[in-house]
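The sequence and structure come first.

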Amino acid sequence: MRVGVLTGGGDCPGLNAVIRAVVRTGVAEHELEFIGFRDGWRGPLEGDTMVLDVEAVRGILPRGGTILGSSRTNPLAESAAVGGKSGLDRIKENLESLGVDALVVIGGEDTLGVAARLYEAGANVVGVPKTIDNDLSATDYTFGFDTAVNIAMEAIDRLHTTAESHHRALIVEVMGRHAGWIALHAGIAGGANVILIPEKPFDMEQVCEYVRHRFQTRYAPIVVVAEGANPKTSGEAATEQQLDAFGHIRLANRGIGQMLADEIEQRTGKEARCTVLGHVQRGGTPTAFDRVLATRFGVHAARSVADGAWGVMVALRGTDIVRVPIAQATSELKLVPPERYGEAEVFFG
Ligand code: F6P
């Protein structure tokens, strides 16, 4: 059997570990043959491939990024249709002409959403859950999340000492446009004084109260804010240019962190500075946890292909890797539940 592999959406540490495990397992256990598709869904849409054999995956376990490249190309968008053919039809035709019998799709909500549609359209698809945001349903964790949290935690540790030296409030903006998992975990692990997440609009005056309270101790406040967090009063609408191919607002320049710093400075009279961690959270080598999780996902994805278990995504449940319908993972985002946020709130101020 010839199996295509692609990585789509925002990259994250551990993608190469999955690719390596899929290929090594498929070749060693099941005599599968692999072909790589470049840059997410653009690869199968345009028939852009690369060699993906055991030799190609040697040495990539600890490397960040993805040897296959990634993109946010959306085959379901109008622009993917060419010559009267829909994006999905073009993909199916290309798979057939390349002799590809099945596809392992490594991606987050958007990429796997397309995988679910392709499966409904008759293709043999297996999904692997990827995202630093950890917001995919049906799996306890996605790989990449642990690395992102550790990077953000280390940054917070460093910011504590400089904040104290200068008696400043430091605001740390982390990724997470719809879900605040990175902010929550990095904030708890780093001992943040306030954590602000998209799931719970915040009261600016309450945030300033926490900041004032912290300044009364000999320490300085650290506020961790997810890029998608909003003050209670905000109702800002996105313009066309601010949306990506999947219709998500691009938040990098939105500046919730800077807005908080300005507002805190104005309301408390204390100096406040903002650090935006941005894509640092997505780059570089994965943690041991992510390498192991990614490897296990890869092994089980290859086994699903060998079993002909189509339309499933491999998922972590407790300590086990299980198979769940892809559609179950993409039907709704996994958000931070109020009780989990409540555990963090104990330490605010
Ligand atoms: O989905 C992963 C993610 O890193 C989000 O946390 C972030 O909002 C988004 O991707 C950024 O996307 P891009 O790199 O395309 O700007």
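## Domain layout

The C-alpha centres of domain 1 and domain 2 are 32 Å apart. The model is predicted. Domain 1 covers 2-143 + 286-329, and domain 2 covers 145-283.

Domain 1 puts 22 residues into the contact, and domain 2 puts in 19 residues.

## Buried area

The size of an interface is often given as the accessible area lost when the parts come together. Here, domain 1 and domain 2 bury about 1,700 Å² between them. Carbon and sulfur atoms account for 57% of that area.

Three residues of domain 1 lose the most area to domain 2: Arg-72, Asp-110 and Ile-132. Together they make up 35% of what the domain 1 side buries.

## Polar links

One salt bridge is found across the interface of domain 1 and domain 2. Polar contacts across this interface link five residue pairs, with both residues at pLDDT 80 or more.

In the model, the side chains of Arg-282 and Asp-11 form a salt bridge. The N to O distance is 3.0 Å.

## The domain 1 face

Helix 4 (109-120) and helix 9 (288-307) are the elements that each give two or more residues to the side of domain 1 touching domain 2. Helix 4 supplies the largest share, three residues.

By class, this side of domain 1 has eight nonpolar residues, seven polar and seven charged.

Note on methods:
Residues numbered from 1 in each chain as written. Predicted model: local features only at pLDDT ≥ 70, side-chain atom pairs only at ≥ 80, totals over all residues. Heavy atoms only, no water. Domains from an automatic or database assignment. Contact = heavy atoms within 4.5 Å. Buried area = accessible area lost by both parts, 1.4 Å probe. Salt bridge = Lys/Arg side-chain N within 4 Å of Asp/Glu carboxyl O. Polar contact = N/O pair within 3.5 Å; in protein donor to acceptor, adjacent residues only side chain to side chain. Helix = DSSP H or I, 4+ residues; strand = E, 2+ residues; numbered from the N terminus. Nonpolar A, V, L, I, M, F, W, Y, C, P; charged D, E, K, R; others polar.
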